[in-house]
Amino acid sequence: AVVSTQSTGGLAVGVGYASVGRPGVTIQQAHNLALGIGLQNFPEGLAVSVPLKAAGFSTGSSFFWGQASGMVEPIAGIIGVICVTLVEQILSVALSFAAGAMIWVVCNDIVPECTANNNIRLCSVGVIVGFCVMMCLDTALA
(Lines give C-alpha, C1' and ligand atoms only; values in the text may rest on other atoms or scores of the structure.)
Protein backbone atom coordinates (compact mmCIF):
# COMPACT_ATOMS: atom_id res chain seq x y z
CA ALA A 1 0.00 0.00 0.00
CA VAL A 2 2.77 2.42 0.90
CA VAL A 3 4.68 1.65 -2.29
CA SER A 4 1.58 2.47 -4.34
CA THR A 5 1.25 5.90 -2.69
CA GLN A 6 4.98 6.48 -3.17
CA SER A 7 4.70 5.77 -6.89
CA THR A 8 1.71 8.06 -7.31
CA GLY A 9 3.46 10.77 -5.28
CA GLY A 10 6.50 10.46 -7.51
CA LEU A 11 4.26 10.63 -10.56
CA ALA A 12 2.65 13.82 -9.24
CA VAL A 13 6.02 15.47 -8.57
CA GLY A 14 7.32 14.47 -12.01
CA VAL A 15 4.22 15.81 -13.70
CA GLY A 16 4.44 19.01 -11.65
CA TYR A 17 8.03 19.74 -12.63
CA ALA A 18 7.49 18.77 -16.25
CA SER A 19 4.59 21.22 -16.42
CA VAL A 20 6.64 24.26 -15.35
CA GLY A 21 6.48 26.90 -18.05
CA ARG A 22 3.01 25.95 -19.18
CA PRO A 23 0.29 28.55 -18.60
CA GLY A 24 -0.39 28.99 -14.89
CA VAL A 25 2.36 26.63 -13.68
CA THR A 26 5.42 28.07 -11.94
CA ILE A 27 8.56 26.51 -10.52
CA GLN A 28 7.42 27.64 -7.04
CA GLN A 29 4.24 25.58 -7.42
CA ALA A 30 6.30 22.55 -8.42
CA HIS A 31 8.56 23.08 -5.37
CA ASN A 32 5.49 23.37 -3.12
CA LEU A 33 4.06 20.15 -4.53
CA ALA A 34 7.37 18.35 -3.97
CA LEU A 35 7.54 19.69 -0.40
CA GLY A 36 4.02 18.47 0.37
CA ILE A 37 4.72 15.03 -1.08
CA GLY A 38 8.06 14.92 0.76
CA LEU A 39 6.45 15.73 4.11
CA GLN A 40 3.98 12.88 3.75
CA ASN A 41 6.86 10.48 3.11
CA PHE A 42 7.94 10.64 6.77
CA PRO A 43 4.82 8.95 8.20
CA GLU A 44 4.75 6.54 5.25
CA GLY A 45 8.30 5.43 6.04
CA LEU A 46 7.31 5.02 9.68
CA ALA A 47 4.28 2.97 8.60
CA VAL A 48 6.72 0.46 7.14
CA SER A 49 9.54 0.63 9.73
CA VAL A 50 7.61 0.54 13.00
CA PRO A 51 5.63 -2.67 12.30
CA LEU A 52 8.83 -4.37 11.11
CA LYS A 53 10.61 -3.38 14.33
CA ALA A 54 7.63 -4.63 16.36
CA ALA A 55 7.78 -7.92 14.44
CA GLY A 56 11.37 -8.46 15.57
CA PHE A 57 13.42 -7.02 12.72
CA SER A 58 16.58 -5.16 13.72
CA THR A 59 16.56 -1.37 13.81
CA GLY A 60 18.86 -1.18 10.79
CA SER A 61 16.77 -3.62 8.78
CA SER A 62 13.53 -1.82 9.70
CA PHE A 63 15.07 1.51 8.69
CA PHE A 64 16.36 0.04 5.42
CA TRP A 65 12.96 -1.34 4.40
CA GLY A 66 11.26 1.93 5.36
CA GLN A 67 13.67 3.77 3.07
CA ALA A 68 13.42 1.13 0.34
CA SER A 69 9.65 1.55 0.21
CA GLY A 70 10.23 5.09 -1.06
CA MET A 71 12.73 4.18 -3.79
CA VAL A 72 9.92 3.78 -6.30
CA GLU A 73 9.12 7.50 -6.03
CA PRO A 74 12.02 8.88 -8.12
CA ILE A 75 11.38 6.24 -10.78
CA ALA A 76 7.71 7.24 -10.95
CA GLY A 77 8.79 10.90 -11.10
CA ILE A 78 10.88 10.20 -14.19
CA ILE A 79 7.93 8.37 -15.74
CA GLY A 80 5.74 11.40 -14.99
CA VAL A 81 8.21 13.73 -16.70
CA ILE A 82 8.37 11.47 -19.76
CA CYS A 83 4.59 11.18 -19.97
CA VAL A 84 4.01 14.93 -19.78
CA THR A 85 6.79 15.56 -22.27
CA LEU A 86 5.26 13.11 -24.73
CA VAL A 87 1.58 13.75 -24.17
CA GLU A 88 0.52 17.11 -22.74
CA GLN A 89 -3.11 16.01 -22.36
CA ILE A 90 -2.11 13.47 -19.71
CA LEU A 91 -1.37 16.22 -17.17
CA SER A 92 -4.81 16.49 -15.59
CA VAL A 93 -5.39 12.73 -15.78
CA ALA A 94 -2.03 11.95 -14.15
CA LEU A 95 -2.54 14.39 -11.29
CA SER A 96 -6.11 13.14 -10.77
CA PHE A 97 -4.92 9.54 -10.74
CA ALA A 98 -2.18 10.35 -8.24
CA ALA A 99 -4.56 12.16 -5.90
CA GLY A 100 -7.22 9.47 -6.15
CA ALA A 101 -4.75 6.67 -5.52
CA MET A 102 -3.38 8.40 -2.43
CA ILE A 103 -6.87 8.94 -1.03
CA TRP A 104 -7.83 5.33 -1.80
CA VAL A 105 -4.79 3.93 0.00
CA VAL A 106 -5.45 6.10 3.06
CA CYS A 107 -9.13 5.09 3.21
CA ASN A 108 -8.63 1.44 2.34
CA ASP A 109 -5.44 0.56 4.21
CA ILE A 110 -4.12 3.18 6.59
CA VAL A 111 -7.31 4.28 8.40
CA PRO A 112 -8.47 0.69 9.13
CA GLU A 113 -4.96 -0.15 10.35
CA CYS A 114 -4.96 2.88 12.67
CA THR A 115 -8.34 2.05 14.15
CA ALA A 116 -7.74 -1.71 14.52
CA ASN A 117 -6.35 -1.45 18.07
CA ASN A 118 -8.86 1.07 19.44
CA ASN A 119 -6.61 3.99 18.53
CA ILE A 120 -9.52 5.93 17.05
CA ARG A 121 -8.80 9.10 19.03
CA LEU A 122 -5.08 9.06 18.16
CA CYS A 123 -5.91 8.35 14.52
CA SER A 124 -8.36 11.27 14.45
CA VAL A 125 -5.83 13.62 16.06
CA GLY A 126 -3.21 12.54 13.51
CA VAL A 127 -5.58 13.25 10.62
CA ILE A 128 -6.49 16.67 12.02
CA VAL A 129 -2.86 17.65 12.70
CA GLY A 130 -1.79 16.46 9.24
CA PHE A 131 -4.62 18.38 7.61
CA CYS A 132 -3.74 21.55 9.55
CA VAL A 133 -0.05 21.29 8.64
CA MET A 134 -0.88 20.88 4.94
CA MET A 135 -3.36 23.78 4.99
CA CYS A 136 -0.79 26.02 6.69
CA LEU A 137 1.79 25.07 4.08
CA ASP A 138 -0.71 25.65 1.29
CA THR A 139 -1.55 29.10 2.64
CA ALA A 140 2.04 30.07 3.44
CA LEU A 141 3.49 28.88 0.15
CA ALA A 142 0.68 29.89 -2.20
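Among contacts in the protein (heavy atoms within 4.5 Å) between residues at least 6 apart in sequence, 67% join residues at least 24 apart. This is a predicted model, where local features need pLDDT of at least 70 and side-chain atom pairs count only at pLDDT 80 or more, while totals for chains, interfaces and linings use all residues. Residues are numbered from 1 along each chain as its sequence is written, and side-chain values use heavy atoms, with hydrogens and water left out.

Trainee: How much of the protein counts as buried?

Mentor: Buried means under 20% relative accessible area, exposed over 50%, and partly exposed in between (1.4 Å probe, protein chains only). The protein has 142 residues, and the share of them that counts as buried is 26%.

Trainee: How much space lies in the largest pocket?

Mentor: Rolling a probe the size of a water molecule over the atoms shows where empty space is left. On a 1 Å grid over the protein atoms alone, a pocket is an open set of points where a 1.4 Å probe fits, with protein on both sides within 12 Å along at least five of seven lines; lining residues have an atom within 4 Å of a point. Grid points are joined across faces, edges and corners, and a volume is the space filled by probe spheres set on the points. For the largest pocket, that space is about 1,900 Å³.

Trainee: Which residues are closest to the centre of the largest pocket?

Mentor: The lining of this pocket has 46 residues. The closest to its centre are Q40, P43, E44, V106 and G130.

Trainee: Which element supplies the largest share of the lining of the largest pocket?

Mentor: Helices α1 (2-18), α2 (27-54), α5 (90-115) and α6 (120-141) each supply at least two residues of that lining. The largest share, 14 residues, comes from α2.

Trainee: How many residues of the lining of the largest pocket are nonpolar?

Mentor: Ala, Val, Leu, Ile, Met, Phe, Trp, Tyr, Cys and Pro count as nonpolar, Asp, Glu, Lys and Arg as charged, and the others, Gly among them, as polar. Nine residues of this lining are polar and four are charged. The nonpolar residues number 33.

Trainee: Which element gives the most to the lining of the second largest pocket?

Mentor: About 260 Å³ of space lies in the second largest pocket. Its lining has 13 residues, and those closest to the centre are N41, F42, G45, G66 and Q67. The elements giving two or more residues are α2 and α3 (59-68). With seven residues, the one that gives the most is α2.

Trainee: How many disulfides does a search of the whole structure find?

Mentor: A disulfide is a covalent bond between the sulfur atoms of two cysteines. The test here is a pair of cysteine sulfur atoms within 2.5 Å. For C132, the nearest cysteine sulfur, that of C136, is 6.5 Å away. The number of disulfides found is zero.

Notes. Helices (H or I, at least four residues) and strands (E, at least two) are DSSP runs, numbered from the N terminus.
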